[in-house]
Amino acid sequence: MTAVKTAIGLMSGTSMDGIDIALVTTDGEAVVRRGPSHGLSYDSGFRARLKAALVMAGAIRHRAERPDALARIERDLTLLHAVAVHDFLHAQGLKSSGIDVIGFHGQTVLHRPDDGLTVQIGDGALLAAETGIDVVDDMRAADMVAGGQGAPLIPVYHRALAANLPGDLDGPVVFVNIGGISNLTFVGDDGQLSAFDCGPGNMLIDQWVEAHECGAFDAGGAIAAGGAVVPDLAARYLNHAFFTDNIRRSLDRGDFAPPAKGEVSLADGARTLAYVTGAAILRCANHLPARPKTYIISGGGRLNPVVMSEFSALAGQSGARVVSSDAVGLDGGAMEAEAWAYLAVRSLRGLPLTFPGTTGVREPVSGGIFRPKP
Ligand SMILES: Nc1ncnc2c1ncn2[C@@H]1O[C@H](COP(=O)(O)OP(=O)(O)OP(=O)(O)O)[C@@H](O)[C@H]1O
Ligand SMILES: CC(=O)N[C@H]1[C@@H]2OC[C@@H](O2)[C@@H](O)[C@@H]1O[C@H](C)C(=O)O
């Protein structure tokens, strides 16, 4: 039997803006054929329920617990993922019988690595029943049991992508995902991985703009473009223990809070937070084994020109260049979903998902729970 599988990846990230879905044909190792991708946005009502889910999840002490209405939200989240899969298959002229496996991330509602607790809601067995496709879910849990941070998991996929980058990029090359939270991956010449979360990505900007009833995010960086960086406010974020400690930790949405309303103007706040997003990545890059020369940016942050220009200016001071993943032939909006497809195939094959250099896990470990179709 061939090790190459056709897999769908499903990601509902920390921004809680919707579901990304991508098709990848892969052996979970060097063979990666990227297929089509699509996104399904949550409506404001469902986003509000997910935000309520974060509060409910605060009471969880064991990862299987579902207090309050969490079980109901989990079910509805799963059914929305099933709709996303059905719509995607239909649009691509594919049948469920043509898909070997779905890699299902679910929605992180609680992430406390210091307590060994990470909770992604999403019912893999229900998704397998609804789609008629085998599902692998819960890919973070085994890593935490083995002493890892439970995140980031995307680095092993970055390593596969690194093998096929255009030859004219100056190395070392670092992949940076600017989602709700940012994370980065350094791939050594020997394939050795060094990766970690690297600060709040867009989540503070989103919360700040939303608190002013100016939408769910700063579209095109338009608000930030009219403001100025407030140094004291920026310093407050950048002096957080996450940056000053020598230990690399993975982040939860709740680890940073937006400024108090009225503390600074809307535009100055948005500009300062865009600056913090870029400066945070550079601070964390100091922990890498070598100074990066090229940063490849994926995730929604690449669509905020102010985040990109603040980051490019700071990176430029250290002699590095910042490029959007799309400029090097990669889909910056689908990369996490692609990664979850890739990880599902690795899980089926028992290959490691995480490594000491990525999550701090004691030794490379596989992960994921297999939920067969009925
Ligand atoms: N056109 C745009 N202009 C400015 N910002 C944008 C734009 N489009 C997306 N974003 C930002 O990107 C965010 C979504 O990014 P993304 O989908 O990568 O996050 P995620 O996958 O949910 O997060 P994570 O990687 O932390 O799990 C939005 O919340 C917004 O802040
Ligand atoms: C616990 C959790 O869901 N973490 C996410 C989050 O969003 C970005 C960053 O923080 C990263 O560590 C991780 O997701 C990516 C996809 C990962 O695991 O690679």
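Some ground rules before you start. Residues count from 1 along each chain as its sequence is written, while chains are lettered from A and ligands numbered from 1 in the order in which they are written. Since the model is predicted, local features need pLDDT of at least 70 and side-chain atom pairs count only at pLDDT 80 or more, with totals for chains, interfaces and linings using all residues; side-chain values use heavy atoms, leaving out hydrogens and water.

**Exercise 1. Find the mean pLDDT of the chain and the elements with the lowest and highest mean values.**

Step 1: Start with the chain. Its mean pLDDT (the predictor's confidence in each residue, from 0 to 100) is 97, and 100% of its residues reach 70 or more.

Step 2: Go element by element. Helices (DSSP H or I, at least four residues) and strands (E, at least two) are runs numbered from the N terminus. The lowest mean belongs to α9, at 96, and the highest to β6, at 99.

Step 3: Check the complex. The predictor gives an ipTM of 0.99 and a pTM of 0.98.

**Exercise 2. Work out which residues are linked in a network of salt bridges with Arg63.**

Step 1: Get the total. A salt bridge here is a side-chain nitrogen of Lys or Arg within 4 Å of a carboxyl oxygen of Asp or Glu, and a search of the whole structure turns up 14.

Step 2: Take Arg63. Its salt-bridge partner is Asp138, with the closest N and O atoms 3.0 Å apart. Arg63 sits in the loop between α1 (44–57) and α2 (70–92), and Asp138 in the loop between β6 (135–137) and α4 (141–145), so the pair links parts of the chain 75 residues apart.

Step 3: Look at exposure. Buried means under 20% relative accessible area, exposed over 50%, and partly exposed in between (1.4 Å probe, protein chains only). Arg63 is partly exposed at 28%, whereas Asp138 is buried at 15%.

Step 4: Move on to Arg371. Arg371 pairs with Asp137, the closest N and O atoms being 2.9 Å apart. Arg371 is in strand β12 (residues 369–371) and Asp137 in strand β6, so this pair ties together parts 234 residues apart in sequence. Arg371 is partly exposed at 24%, and Asp137 is buried at 4%.

Step 5: Arg63, Asp137, Asp138 and Arg371 form a linked network of salt bridges.

**Exercise 3. Decide whether Arg236 and Glu263 are buried, partly exposed or exposed.**

Step 1: Find the pair. Arg236 and Glu263 form a salt bridge, with the closest N and O atoms 2.4 Å apart. Arg236 is in helix α8 (residues 231–238), and Glu263 is 27 residues away in the loop between α9 (241–244) and α10 (266–285).

Step 2: Read off the accessibility. Arg236 is partly exposed at 46%, and Glu263 is partly exposed at 35%.

**Exercise 4. Describe the shell around ligand 1 and how much of the ligand the protein covers.**

Step 1: List the neighbours. Counting residues with a heavy atom within 4 Å, 21 surround ligand 1, and the closest are Thr14, Asp206, Gly220, Gly300 and Glu336.

Step 2: Pick out polar contacts, meaning pairs of N or O atoms within 3.5 Å. A side-chain N or O atom of Asp206 is 2.6 Å from a ligand 1 oxygen. For Ile181 a backbone N or O atom lies 3.0 Å from a ligand oxygen, and for Asn202 a polar side-chain atom lies 3.4 Å from one.

Step 3: Work out the cover. On its own, ligand 1 has 650 Å² of accessible area (Shrake-Rupley method, 1.4 Å probe), and the protein covers 85% of this.

**Exercise 5. Identify the element that gives the largest share of the shell around ligand 2.**

Step 1: Count the shell. 16 residues surround ligand 2, the closest being Thr108, Arg140, Leu153, Ile154 and Asp197.

Step 2: Sort by element. β4 (101–112), β8 (181–187) and α12 (335–348) each give two or more residues. The largest share, three residues, comes from β4.

Terms used:
Polar contact = N/O pair within 3.5 Å; in protein donor to acceptor, adjacent residues only side chain to side chain.
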